[in-house]
2 protein chains.
Amino acid sequence: MRVINFNAGPSGMPLSVLEKAKDEFLSYKGLGLSIIEMSHRSAEFEAIVESATSKVRKLYGFGDEYAVLYLQGGASLQFAQIPMNLSTGKVCEYIDTDTWTNKAIKEAKILGANVKVVASSESENFNHIPATTQDDFSKDADYTYICSNNTIRGTQYKEFPKSKSTLVIDSSSDLFSRPIDISNVGVFYGGVQKNAGPAGVTLVVIKKELANRVNESKVPSILRYTTQIKANSMSNTPNTFGIYMFDLMLDWVIENGGLLGMQNKNIQKAKLLYSAIDEMSEFYKGHAKVDSRSLMNVTFNLASADLESKFANEAKEAGMIGLKGHRSVGGIRASIYNAVSLDDVKTLVEYMREFARKNG
Amino acid sequence: MRVINFNAGPSGMPLSVLEKAKDEFLSYKGLGLSIIEMSHRSAEFEAIVESATSKVRKLYGFGDEYAVLYLQGGASLQFAQIPMNLSTGKVCEYIDTDTWTNKAIKEAKILGANVKVVASSESENFNHIPATTQDDFSKDADYTYICSNNTIRGTQYKEFPKSKSTLVIDSSSDLFSRPIDISNVGVFYGGVQKNAGPAGVTLVVIKKELANRVNESKVPSILRYTTQIKANSMSNTPNTFGIYMFDLMLDWVIENGGLLGMQNKNIQKAKLLYSAIDEMSEFYKGHAKVDSRSLMNVTFNLASADLESKFANEAKEAGMIGLKGHRSVGGIRASIYNAVSLDDVKTLVEYMREFARKNG
């Protein structure tokens, strides 16, 4: 029996995707070798990269002015690569919504970037996305950096800030979960291991002219976006099997209605879960403020850490894994990414009702 | 039918390893989820990392003074990470055996390291490993850097140089192919996609005291070895499926006699192939000098580029792929990594005889 996977990432994939990968694991397209053994320079693998790239472009609407790259090192390496490539000494604006932007700010400072934290929700325990207006931003910034969804706190931008410089968006935990406004996007990136594939592939979509900002004499070539743009992500050997799985996941996204289809389902799932929390608010305390609630990670607390442990452990026995909150904040977190079904969330809600009845 | 895979990497894996991965692809150890969906923080995945690490230690003899890390970004990122972490302003010694050391030298220079090229085989088209004596090295160097096997030229160190400072060894293309002398090793690293797994995992074995050299105020945390040592390679999400496949490959290495077993088989295979080249030296010209010949990548030329194309194309029709030389040098290259069997090489040698007879 399949467990229901509420992990924050790596996380569940649709069974149909896994079955396809399994079916062709020993011989890709009858070629007599596994995709995992195949040269990244082969025509077959290049076709997979082409296929994935054209789907990324079509789903989000990214035109030829953007490059689509498959890198390694996760968002954590991007925290460093972004200022390395894009900071020219002007102010680099960051909005701080906890851990992930915090780390990004720290790396930018180490690299000597002129960091300005434009807004933060730290004083309220990062329970919301700070509101900003156009006046908060400078026209003369190198970029404005945000994390579109905070996995740990369970907060998410409903719309992107009206910055005056180009937006850099870490979308690691809400990639391919909804349509977005790309009109001011300079960089849109994320590890794909939550909504769209396995761990080890970082999707980076970057405006080519932005990539050209890099000071080639100072930045190691492997860390320049320009290097991978020229080489179509093959300056060095990419995570071939990961890219293949990513491409299969995009097929599934498209078959299920594209970004709008994903969004509609994700809204339904989140509504169901947040409604249950609100109904049982004596027992379950939602962390995020209502207008900042994430469609991806639903975070809440019970009366004590012990009760939270009991909640997560008994859920595991009932076939639902990954409900413990991030080790840095505790509590409960249900990550309901693309591959989690409405039925999965219904099962969780039933369990929550039962658990509250028994322990309330 | 399985093809015979002579690609330089990613490259073939033993069928038994692929079959095991396929068998448990939908449900790892009956847990109801795929290993590719599993949290890197789960007890099950942590056990895989522990298992792989203890095998790496046992196979090579690395003690507790070394950390075993699973990173991303391939050797190419190590070219930058090495000087970032280990250069303190003293001379950094490099031995140049073409492309891979060349790139490493370039990155070190960009990062401001005080690079000294101690020896090079450039003047003879990199057809050998340059000889060195202890007198060529300085006691006061930060490190001495070599690439143990040059994939493109088909050259390989028989023994490591007698440097006076700690050795940094890029072993990307001969990992787990033979026992090595680790007595002066500071860093031993490589992408595992040639001999020991899929693309997207960089094995880095590093002396812990060496890692502590890093200037924390200057190097982004994700690029410091100390960060990943503290976090047991989980400072960020590692390539979980890749590490799992790597662990399966190490099981196979151990079942087949460990590093000595690999070496014996690799010597047999190489001998067979080089003997054929030497016998038919009118038709096939080996590139590497005899005493520098690689056990991993056997490089040779035919009379013309056209004939080489014909050779590779007809081999492909006969079920042998990946025989074209690296695009930077042309010619023919047969990569005969751990997973290539003696029978596979026999098949190639028979094909070579037949091809020479028909086209000679």
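This is a predicted model: local features need pLDDT of at least 70, side-chain atom pairs count only at pLDDT 80 or more; totals for chains, interfaces and linings use all residues.
Me: Which residues in chain A lose the most area to chain B?
Reply: A:K22, A:L26 and A:E37, together 14% of what that side buries.

Me: How many salt bridges between chain A and chain B?
Reply: Two, counting a side-chain nitrogen of Lys or Arg within 4 Å of a carboxyl oxygen of Asp or Glu. Over all chains, the structure holds 30.

Me: Which residue does A:E37 pair with?
Reply: B:R2, at 2.9 Å from N to O. A:E37 sits in the loop between α1 (15-23) and α2 of chain A, and B:R2 in the segment before β1 (4-5) of chain B, so this pair joins two chains. Helices (H or I, at least four residues) and strands (E, at least two) are DSSP runs, numbered from the N terminus.

Me: What about B:E37, which residue is its partner?
Reply: A:R2, and the closest N and O atoms are 2.9 Å apart.

Me: Switching to helices. How do α2 and α7 of chain A cross?
Reply: The axes of α2(A) (residues 43-60) and α7(A) (residues 240-255) come within 9 Å and cross at roughly 40 degrees. That makes α2(A) oblique to α7(A). Axes are lines fitted to C-alpha atoms, for helices over the stretch in contact, and angles run from 0 to 180 degrees between N-to-C directions. Under 35 degrees counts as roughly parallel, over 145 as roughly antiparallel, 65 to 115 as roughly perpendicular and the rest as oblique.

Me: Left-handed or right-handed?
Reply: α2(A) passes α7(A) in a left-handed crossing. Left-handed means the near helix is turned anticlockwise from the far one by less than a right angle, and right-handed means clockwise.

Me: Which residues make the contact?
Reply: From α2(A), they include A:F45, A:I48, A:V49 and A:A52, and from α7(A), A:I243, A:F246, A:L250 and A:V253 are among them. By class, the contact of α2(A) with α7(A) has twelve nonpolar, two polar and three charged residues. Ala, Val, Leu, Ile, Met, Phe, Trp, Tyr, Cys and Pro count as nonpolar, Asp, Glu, Lys and Arg as charged, and the others, Gly among them, as polar.

Me: And α9 with α10 in chain B, what's the angle where they cross?
Reply: Roughly 135 degrees, with the axes of α9(B) (residues 305-317) and α10(B) (residues 342-359) coming within 11 Å. That makes α9(B) oblique to α10(B), and their crossing is right-handed. B:L307, B:K310, B:F311, B:E314 and B:A315 in α9(B) meet B:L348, B:Y351, B:M352, B:F355 and B:N359 in α10(B). Those divide into seven nonpolar, one polar and two charged.

Me: Backbone next. Where are the cis peptide bonds?
Reply: One joins A:G9 and A:P10, with omega about -5 degrees; another joins B:G9 and B:P10, with omega also about -5 degrees. A:P10 is in the loop between β1 (4-5) and α1 of chain A, and B:P10 is in the loop between β1 and α1 (15-23) of chain B.

Me: What's the phi of B:N125?
Reply: Near 60 degrees, a positive value in a residue other than glycine. B:N125 lies in the loop between β4 (114-120) and β5 (141-147) of chain B. Most residues other than glycine have a negative phi, and most peptide bonds are trans.

Technical notes: Residues are numbered from 1 along each chain as its sequence is written. Chains are lettered from A and ligands numbered from 1 in the order in which they are written. Side-chain values use heavy atoms; hydrogens and water are left out. Contact means heavy atoms within 4.5 Å. Buried area is the accessible area (1.4 Å probe) that two parts lose on being put together, summed over both.
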